[in-house]
Amino acid sequence: KGWRAKVGQHAEIQKSKPFTPSNYSPLDLFSGNSTQIHTALKDLTNHMQNNFLVFSNGTQIFGEDISPLEGEGKDILETLVRQCRSSASNNHDENKSADTVLLDFICSVVSKMLQREKLLRNLLSMQLLDVIDGDGAIRVYERLVHLCDGSNSKAEELLDEAMLFVDEELTERPKPPQLRGNNLAKSPYALPNCSILHKLIEEMDSFQSHPKSDMNSCHEVCIQLVDQLSQEGCIYLLQNWLLSLAMCDVSFFVTFQCLADDQCTVEESQSIDNGGIMHHDGETEEEAPRTRTMIHYEVKVVDCDAKPAKKLRSRTKVEDVFQFLTS
């Protein structure tokens with residue numbers, strides 16, 4: 001996915017609008033490491049695109065072709081200084097502009113929030129359900145259409161209906177032996193009783209465990225197995241692939257405000273009903289006790305819609321673009 005993100009940026013360069021790619025890597029954002037998450041956010045602030053927006057009191061102040069009005073960044077910083085004692089907002093490098101210092105502070109705070117909450121980890125576990133790549137999804141989709149007497153509409157209707165049936169008891173039952181250690185162990189969908197599907201999963205696991213094995217022969221075996229899949233086996237793989245695709249295309253808002261010293265002293269993780277509370281230390285161990293700031297925050301996921309099965313009809317064109325850019 002990190003590779004595809006880079007290729008996607010190069011695809012933008014092919015368009016007529018002037019475009020400068022950033023160094024942002026999803027691998028950093030989803031690493032689980034606060035330093036790498038911070039690096040990802042900092043990279044997003046360079047050559048900002050529509051995947052990084054900053055608002056203050058409902059007004060956008062940073063984003064693609066958007067920056068604070070003259071003096072606005074300084075005013076926001078001064079408000080932060082009154083609200084908190086963080087060294088990021090007080091003892092900043094005088095050679096940096098107020099806008100730069102403000103972005104540094106925001107990235108520092110948000111990276112810590114994302115590292116302590118489960119959102120990115122949960123998203124990643126769903127993103128990894130695409131045990132087949134785009135080309136594989138096309139092949140499985142074609143097999144499903146074949147099993148539906150050549151009807152794309154029938155295949156897509158079956159798949160769309162199946163996407164709605166999540167097995168809520170899966171988390172309480174032992175995982176099938178075929179899925180132990182496999183990314184599909186996190187799937188919300190029940191593994192069908194299809195021996196060919198089980199063999200295909202084992203073959204893909206074997207290849208991933210031994211990447212130096214003969215790629216061509218492994219690919220040929222997988223194609224042969226796909227061409228023998230049952231209808232249920234096809235639907236299972238495509239369910240998970242579409243769910244992964246949806247989880248790679250979500251947006252989330254992070255909101256925060258600094259608290260007064262007497263408002264809260266205990267850290268809490270975010271819950272369904274309440275936002276989280278965390279402290280934000282100074283930049284050094286010596287500064288931490290006197291620059292510790294309590295921050296209330298919320299992380300909200302938006303634009304998390306299921307991908308319709310008809311997306312698979314045009315997937316060949318999408319994969320062809322990537323093949324062209326990498327050839």
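Among contacts in the protein between residues at least 6 apart in sequence, 67% join residues at least 24 apart. The model is predicted, and its secondary structure amounts to 14 helices and five strands. Of the 327 residues, 41% count as buried.

**Surface and core**

- The protein exposes about 18,900 Å², and carbon and sulfur atoms supply 49% of this area.
- In soluble globular proteins, nonpolar side chains tend to be buried together.
- Here the largest nonpolar core holds 76 residues.
- Leu29 and Leu229 are the residues with the most contacts inside this core.
- With neighbours within four places in sequence left aside, Leu29 is in contact with Tyr24, Ile37, Ala40, Leu41, Leu114 and Leu120.

- Strands of a sheet pair through backbone hydrogen bonds, either parallel or antiparallel.
- Strand β4 is joined by five bridges to β5 (residues 293-302), and the two run antiparallel.
- Met278 has Ile295, in β5, as its bridge partner.

**Aromatic pair**

- A pair of aromatic rings is described by the distance of the centres and the angle of the planes.
- One aromatic pair is found in a search of the whole structure.
- The pair consists of Phe105 and Phe256, with ring centres 6.3 Å apart.
- Their planes stand at 70 degrees, so the pair is edge-to-face; the cut-off for that class is over 60 degrees.
- Phe105 belongs to helix α6 (residues 98-116) and Phe256 to strand β3, so the pair ties together parts that lie 151 residues apart in sequence.
- Phe105 has 0% relative accessibility and therefore counts as buried, the limit being under 20%.
- Phe256 counts as partly exposed because its relative accessibility is 26%, which falls in the class between under 20% and over 50%.

Key. Residues numbered from 1 in each chain as written. Predicted model: local features only at pLDDT ≥ 70, side-chain atom pairs only at ≥ 80, totals over all residues. Heavy atoms only, no water. Core = buried A, V, L, I, M, F, W, Y, C linked by side-chain atoms within 4.5 Å. Buried < 20%, exposed > 50% of the residue type's maximum accessible area, 1.4 Å probe, protein only. Contact = heavy atoms within 4.5 Å. Pairing = 2+ DSSP bridges. Helix = DSSP H or I, 4+ residues; strand = E, 2+ residues; numbered from the N terminus. Phe/Tyr/Trp six-rings, centres within 6.5 Å; stacked < 30°, edge-to-face > 60°. Areas by Shrake-Rupley, 256 points an atom, 1.4 Å probe, with all protein chains shown as cover.
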